[in-house]
Amino acid sequence: MTSLADLPIRDDLRGLTPYGAPQKSVRIALNVNENTHPIPEAVAQSIVEALAAAILQVNRYPDREFVILRDSLANYLGHGLTRDNVWAANGSNEVLQQILQAFGGPGRTVLGFPPTYSMHSIIASGTGTRWVEGTRDDEYRISPETAVRWVTETSPDVIFFCSPNNPTGTPLSLETIAAAYDATDGMVVVDEAYAEFAQDGLPTALSLLAGRERLIVSRTMSKAFAFAGARVGYMASHPSVTDAMRLVRLPYHLSALTQAAAVAALAHTPEMLAMVDDIRTQRDRLLVELPKLGYTVHDSASNFVLFGGVSDPHALFERLLEDDIIIRDLSIEGHLRVTAGTEAETTAFLDALGRIAR
Ligand code: PMP
């Protein structure tokens, strides 16, 4: 039997493992930081109507420049951005991949700060970009000094920040991003997949874009917009950076159906984001209740909580699975991560945890 190892695969991909969040059919799935609320019925109806209109023209290629979608996204982001500042792809994973195709690649490096989103290093491998790791300060923070020290020591071509950081929930200060930007000639990417879950008024790196042509802010409709299955990620940057994306994207990469669905969803932004407050409430509840059960928590500006004090994370993960609840084991010593679900899901998780001896 031929296995992967027998194939003439690229040397730098030999022995690597793919992204591996387990896909299990369970009653309560709090493992991949989805928005567990379904989208409102009325919005679903409106999206279906948009899809019905789009399918009638599916014999034609879609708008390669997805202009209406870029207008909608720019309008949503505000900050004086226009369609020229916006780019989109099939999930922010694809946006990040295109960034490394354009600015990383063989002979180039990307600096990241683990523990962070596992796909950052996997996308680095896929694009032949060398992944170099900086370290974080206490409580997973990154001070401006720490960022500058790592940038100076490693001279990366691209820097990946993640704010709020997955899997720790930690927000990143604008001072750190600005200091790293000033310390490098490379591209600075801030992955803000979870930005909408941050406390009101928490600053976003979008406010740093003016005058910083090497800064990219990446966002997604997968989380706050409850649109993970539709695969829509996007970024904001100087227009010249979106021109770089055009060099590496495949023509017509965003299907007509994806564009139609996303534009229809964005036309209902307030309804689509209506559950964000509720999710924050459930996250705050996890932050209060987990310590009462004897666990430690890391402050989170996101829709998930990393908790510690777990004597055997794998055993607890498996024990919860017996109760039809899946959370995430990220191999961080003594820790597990749980997504804030609906009130009922969060209650079920906390109740199950309360029944299980620590
Ligand atoms: N960035 C971060 C930090 C994430 O956690 C995720 C999803 N888990 C993504 C990007 C990718 O999301 P998508 O491709 O669905 O936009």
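In the predicted model, F161 has V190 as its bridge partner in β6, and this pairing belongs to the contact between strand β5 (residues 158-162) and strand β6 (residues 187-191), which run parallel and are joined by five bridges. Both strands are part of an open sheet of seven strands, arranged in the order β2-β8-β7-β6-β5-β3-β4 with mixed pairing. At the edges of this sheet stand β2 (86-89) and β4 (130-133), each of which has a single partner strand, so one side of each is left without a neighbour in the sheet. From one strand to the next, the twist averages 25°. Helix α5 (residues 144-154) packs on the sheet, where it touches β3 (109-112), β4 and β5, and the direction of α5 makes about 160° with that of β3.

A second open sheet consists of three strands in the order β9-β10-β12, with antiparallel pairing. Its edge strands are β9 (296-297) and β12 (336-339), each of which pairs on one side only. Between β10 and β12, which run antiparallel, there are four bridges, and L306 stands opposite R337 in β12.

Turning to the helices, the axes of helix α1 (residues 41-55) and helix α8 (residues 256-266) come within 8 Å and cross at roughly 145°, and the crossing is right-handed. On the α1 side the contact involves V43, S46, I47, A50, L51 and A54, which meet A256, L257, A260, A261, V263, A264 and A265 in α8. By class, the residues of this contact comprise twelve nonpolar and one polar, with no charged residue.

At the level of the whole chain, the domain assignment gives domain 1 (22-37 + 275-355) and domain 2 (41-270), and the C-alpha centres of these two domains lie 26 Å apart. Domain 1 and domain 2 each contribute 20 residues to the contact between them. On the side of domain 1 that touches domain 2, α10 (276-292) and β10 (304-308) each supply at least two residues, and this side of domain 1 is made up of nine nonpolar, seven polar and four charged residues.

Definitions and conventions
Residues are numbered from 1 along each chain as its sequence is written. This is a predicted model: local features need pLDDT of at least 70, side-chain atom pairs count only at pLDDT 80 or more; totals for chains, interfaces and linings use all residues. Axes are lines fitted to C-alpha atoms, for helices over the stretch in contact, and angles run from 0 to 180 degrees between N-to-C directions. A crossing is left-handed if the near helix is turned anticlockwise from the far one by less than a right angle, and right-handed if clockwise. Two residues are in contact if their C-beta atoms, placed from the backbone, lie within 7 Å. Ala, Val, Leu, Ile, Met, Phe, Trp, Tyr, Cys and Pro count as nonpolar, Asp, Glu, Lys and Arg as charged, and the others, Gly among them, as polar. Domain bounds come from an automatic or database domain assignment. Two strands pair if DSSP finds at least two bridges between them.
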